[in-house]
Amino acid sequence: MESKRTEKATLVDGSTIEYVVKDNPPKGGMKYTYFTPDKKYVVQFFNDPKNANDINIHKRLEAIVGKYNPTLSEEKGGSRGNTQLAADYFSSRFCWPKSLIKSPEFGIVCPAYPSNYFFSENSTDIEGYKDILKGKDKKSTYFTSPKLSKYLKSDELGDFRSMLSLSINLARSIRRMHQAGLAHSDLSCNNVLIDPQKGTCVVIDIDSLVVPGLYPPEVIGTSGYIAPEVLETMELPIDDPNRKLPSSYTDLHSMAVLIYEYLLKRHPLKGPKVYSTESAEKDDFLALGPKATFIENPVDKSNRPKDLTYTIKDLGPELEKLFIRAFVDGLHSPNERPTAMEWEKGLVKTWDMLSQCSNSKCTHKWFVLHDPQKPICPYCKTKIKAKEVVRLKLKSRVRGRNGQWIDAGEINCYDNMPIFKWHIYSNCFPDEKAERDLQASIHYYQGQWIFVNRGIAGMLSPSGNIVPIGQAVLLSDGSSFQASNDEKGYLIEASITRW
Ligand SMILES: [Zn+2]
């Protein structure tokens, strides 16, 4: 029989927390874990007493739990400028340490992962695999590796839209960290759990963050996600000026690898190229380090697999550009990598270009319809059933230049489409602070497309008259109108492509 007993830990604020002590508790690289009796929290202690007594680790964790904590409002001692709304949002996006333990020894208390990030016996139909899978964390490899995903029920796998949704989640969480000056230092398929059914992800293992002004953690990263410059210099002494340590720049490489895997179900650097015949280790080192080559590099095609049926081009121009910057321009030049905010913006813009595949058996169900002349799903090659694509081009006013507008985004319309503030005003963005009340909606009504005002003050018709709430404008090819006469309001241009 396995023995179980309940113990009490005292937190730094003097309060206590109970935890269930088990034989052979789950062990990570740094710490081992017990659960509280209600399983809502985990209590973690260090494997190595040297770490438990390390003053640098104490200081770093104090800063992480306190003044850099995005899951706590500024009022309650959390991150500067953090509102309760933002704190609530990020509470479900991070497993952020909640408090520090002072006795029986130094440790941390974290929220347990939400239950939707664990597999259940219902996650697979395959007998014999049910027990293996049950209770395991939803690491992204289970979903992005074709070898593993074939064991899962199809509804576990989500679709292209839900993978795009969780990519937005990840970019937003990392943007928030980087905004505070923090770096994760070990983003990987193991430290970001995903739920493709819901389209959400949670970033875990927050205790190895790089905190401004404090001694960095001794983390290298996880194979396949380590930035090339870190891998290349990891043999140098830690204080050698040429040694590259994990930072926000290295996070930007790891995050781009994850997003590429989520959206394309393959690794961006693992292609057919052989870098060394000496040993597998050397080949791997060169392939992911000094000689790393993007499998979709448009110029150097030496690492390109022969059977690429869909590519970054199928993700639309925003994401194509970002992947080129991450894996061509920025692969060996960390400063060139797109920031997490640029990823968040590009992914959100791509969201507005989604189109549902007309093939009910399509594995991806959604695709990015970036070229209205080619309304064909890149995954199953089905042409969409609709006879037309209605696209709205958003243009924002050039400040100080009356009557001049620049492109700010595009939307593919569908029936009953909701329109939010970020589609109307150039200073609104769908982040954790965004108001999500309906501004307008798009409908296919009696053979025509209409844009119905649901709450915009100052919406104008194509001829410049106010469109009251409840009234609509007709979307015809080439028509344009001001979504709002506010200085920040977009000019909307409609185009209809028929075939
Ligand atoms: Zn399809």
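How many bridges pair β17 with strand β18 (residues 491–498), and in which sense? The two strands pair in the antiparallel sense over 3 bridges; strands count as paired if DSSP finds at least two bridges between them. Within this pairing, Ser480 has Glu493 of β18 as its bridge partner.

This is a predicted model, in which local features need pLDDT of at least 70 and side-chain atom pairs count only at pLDDT 80 or more, while totals for chains, interfaces and linings use all residues. Residues are numbered from 1 along each chain as its sequence is written. Helices (H or I, at least four residues) and strands (E, at least two) are DSSP runs, numbered from the N terminus.

**Sheet and hairpin**

β17 and β18 belong to an open sheet of 4 strands, ordered β12-β11-β18-β17, with antiparallel pairing. β12 (405–412) and β17 (480–482) are the edge strands, each pairing on one side only. From one strand to the next, the twist averages 25°.

Strand β7 (residues 192–195) pairs with strand β8 (residues 200–203) in the antiparallel sense over 4 bridges. Leu193 stands opposite Val202 in β8. The two strands form a hairpin with 4 residues between them, and Gly199 in the turn has a positive phi of about 75°. In a regular strand the side chains alternate between the two faces of the sheet. In β7, Val192 and Ile194 point one way, Leu193 and Asp195 the other way, and all are buried. A residue is buried if 20 or more other C-beta atoms lie within 10 Å of its own, exposed if 12 or fewer, and partly exposed in between, with C-beta atoms placed from the backbone.

**Helix α12 and its partners**

The axes of helix α7 (residues 160–179) and helix α12 (residues 340–351) come within 8 Å and cross at roughly 155°. Axes are lines fitted to C-alpha atoms, for helices over the stretch in contact, and angles run from 0 to 180 degrees between N-to-C directions. α7 and α12 are therefore roughly antiparallel to each other, a label for angles over 145 degrees. Residues of α7 in the contact include Leu164, Ile168 and Arg175, and those of α12 include Met341, Trp343 and Leu347; contact requires C-beta atoms, placed from the backbone, within 7 Å. By class, this contact of α7 with α12 has 10 nonpolar, 3 polar and 3 charged residues. Ala, Val, Leu, Ile, Met, Phe, Trp, Tyr, Cys and Pro count as nonpolar, Asp, Glu, Lys and Arg as charged, and the others, Gly among them, as polar.

The axes of helix α11 (residues 317–329) and α12 also come within 8 Å and cross at roughly 155°. That makes α11 roughly antiparallel to α12. Glu318, Leu319 and Leu322 of α11 meet Glu342, Trp343, Gly346, Lys349 and Thr350 of α12. The residues in this contact of α11 with α12 divide into 3 nonpolar, 2 polar and 3 charged.

**Loop residues**

Most residues other than glycine have a negative phi, and most peptide bonds are trans.

A cis peptide bond, with omega about 15°, joins Ser103 and Pro104. Pro104 is in the loop between β5 (99–103) and β6 (107–111).

Cys413 lies in the loop between β12 and β13 (417–419). Cys413 counts as buried because 21 C-beta neighbours lie inside 10 Å. Not counting residues up to four places away in sequence, Cys413 touches Val390, Arg391, Leu392, Ile442 and Trp449.

Note on methods. Parallel < 35°, antiparallel > 145°, perpendicular 65-115°, else oblique. Contact = placed C-beta atoms within 7 Å.
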